[in-house]
Amino acid sequence: MNDNNTPNDWLFEITPKNKFFSLNLKEVWQYRDLLLLFVKRDVITVYKQTVLGPLWYLIQPLFTSVTFTIIFNNVAGIDTGTVPPFLFNLAGITVWNYFTACLTGTSDTFKANAAIFGKVYFPRIITPLSVVISNLVKFGIQFLIFIGFYIFYYFQGANLGLNGLILFFPILIIIMGILGLGLGMLISAMVTKYRDFSHLIGFGIQLLMYLSAVMYPMSLIKDKLPGYGWLVEYNPLAYIIETARYMLLDVGEISVLGLSYTLVVTIAVFFIGLLVFNKTEKSFIDTV
């Protein structure tokens, strides 16, 4: 065997992708079994070795909805129209939780999977994708809880009604997942170089929640705080939450212009996040 091997002597050479932008859909499909394995891992590890198991999926939105109802509706007096305040809050929180789960789960991709990335090759995009898909299970469970309370309040005589646009609700959730994926990939690249950035994510999400119309209608900010309404109006998440409540509870309003703006921002954030993610993939192992 010749000890002075040149690069041309090797049959295969595994290197980072040369393309600055590469989604690798074909390669992701080839590794679909690994993607499903990661999805299963993400779902199981959430409640493995816990006392209540999957019940944690139910406790958080219910407890948060009760808290918001007491503070924002009973104390602050925020009006939710004909919809019971608890159901109004539960609808917003259920959709919001899917975004936060996608964002927090993907924002630590490189750091959490450094051991795997350093040993074996597979399309790195599979890891954040698995988080977004696995969180659909959590969202499905919480949405069933919302349906249960919706039926309860309906038979209690509450004035509830589904909007005809409910058929487009899955598309709204996909947009929410893509937005969380794009932001998560962008943040994961930053975390590899700036470790303290991860400590700001939790605080940032809490602040963003108050600017996303989760516990109040968008019209309230326009009426009560017109000088600060732009903080909500320029937030694409607020339009998703407002539209979700409009579809599920037939309250509030739907803005075609706002949804168009949300779609443009979502696509832009996803592609920017993917560009940064692909660039970081080439050298992250040296900084993690």
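Visitor: What elements is the chain built from, helices or strands?
Guide: There are 13 helices and 0 strands. From the N terminus on, the order reads α-α-α-α-α-α-α-α-α-α-α-α-α. Keep in mind that the model is predicted.

Visitor: How many residues are in the chain, and what share counts as buried?
Guide: The chain has 288 residues, and 44% of them count as buried.

Visitor: What about contacts with a separation of 6 or more? What share comes from residues 24 or more positions apart?
Guide: Such pairs make up 81% of those contacts.

Visitor: Let's talk packing. What describes two packed helices?
Guide: The angle between their axes, and the distance between the axes.

Visitor: Then take helix 3 and helix 7. At what angle do they cross?
Guide: Roughly 55°, and the axes come within 9 Å. Helix 3 covers residues 56–75, and helix 7 covers residues 126–155. Helix 3 is therefore oblique to helix 7.

Visitor: Is that crossing left-handed or right-handed?
Guide: Right-handed, as helix 3 passes helix 7.

Visitor: Which residues make the contact?
Guide: Helix 3 brings Tyr 57, Leu 58, Gln 60, Pro 61 and Leu 62. Helix 7 brings Lys 138, Ile 141, Gln 142, Ile 145 and Phe 149.

Visitor: And by class? How many are nonpolar, polar and charged?
Guide: That contact of helix 3 with helix 7 has 7 nonpolar, 2 polar and 1 charged residues.

Visitor: Staying with helix 3, is Ser 65 buried or exposed?
Guide: Ser 65 is in helix 3. Ser 65 counts as buried because its relative accessibility is 0%, and the cut-off is under 20%.

Visitor: What lies 2.7 Å from a polar atom of its side chain?
Guide: The backbone oxygen of Pro 61.

Visitor: Which residues does Ser 65 touch, leaving aside neighbours within four places in sequence?
Guide: Phe 86, Asn 89, Leu 90 and Ile 93.

Visitor: On to Asn 97. Where does that one lie?
Guide: In helix 4, which spans residues 85–106. Asn 97 is buried, with a relative accessible area of 7%.

Visitor: Which residues is Asn 97 in contact with, again leaving aside neighbours within four places?
Guide: Gln 60, Pro 61 and Gln 142.

Visitor: How does helix 4 pack with helix 8? At what angle?
Guide: About 30°, with the axes 7 Å apart. Helix 8 runs over residues 169–193. Angles under 35 degrees count as roughly parallel, so helix 4 and helix 8 are roughly parallel to each other. Helix 4 passes helix 8 in a right-handed crossing.

Visitor: Which residues of helix 4 and helix 8 make the contact?
Guide: Helix 4 uses Val 95, Tyr 98, Phe 99, Cys 102, Leu 103 and Thr 106. By class, the contact of helix 4 with helix 8 has 13 nonpolar, 5 polar and no charged residues.

Visitor: Last one. Where is Ile 147?
Guide: In helix 7. Ile 147 is partly exposed, with a relative accessible area of 33%.

Visitor: How far apart are Ile 147 and Leu 87, in sequence and in space?
Guide: They are 60 residues apart in sequence. C-alpha to C-alpha, Ile 147 and Leu 87 are 9.7 Å apart in space.

How values were computed:
Residues numbered from 1 in each chain as written. Predicted model: local features only at pLDDT ≥ 70, side-chain atom pairs only at ≥ 80, totals over all residues. Heavy atoms only, no water. Axes fitted to C-alpha atoms, helices over the stretch in contact; angles between N-to-C directions. Helix = DSSP H or I, 4+ residues; strand = E, 2+ residues; numbered from the N terminus. Parallel < 35°, antiparallel > 145°, perpendicular 65-115°, else oblique. Left-handed = near helix turned anticlockwise from the far one by under 90°. Contact = heavy atoms within 4.5 Å. Nonpolar A, V, L, I, M, F, W, Y, C, P; charged D, E, K, R; others polar. Buried < 20%, exposed > 50% of the residue type's maximum accessible area, 1.4 Å probe, protein only. Polar contact = N/O pair within 3.5 Å; in protein donor to acceptor, adjacent residues only side chain to side chain.
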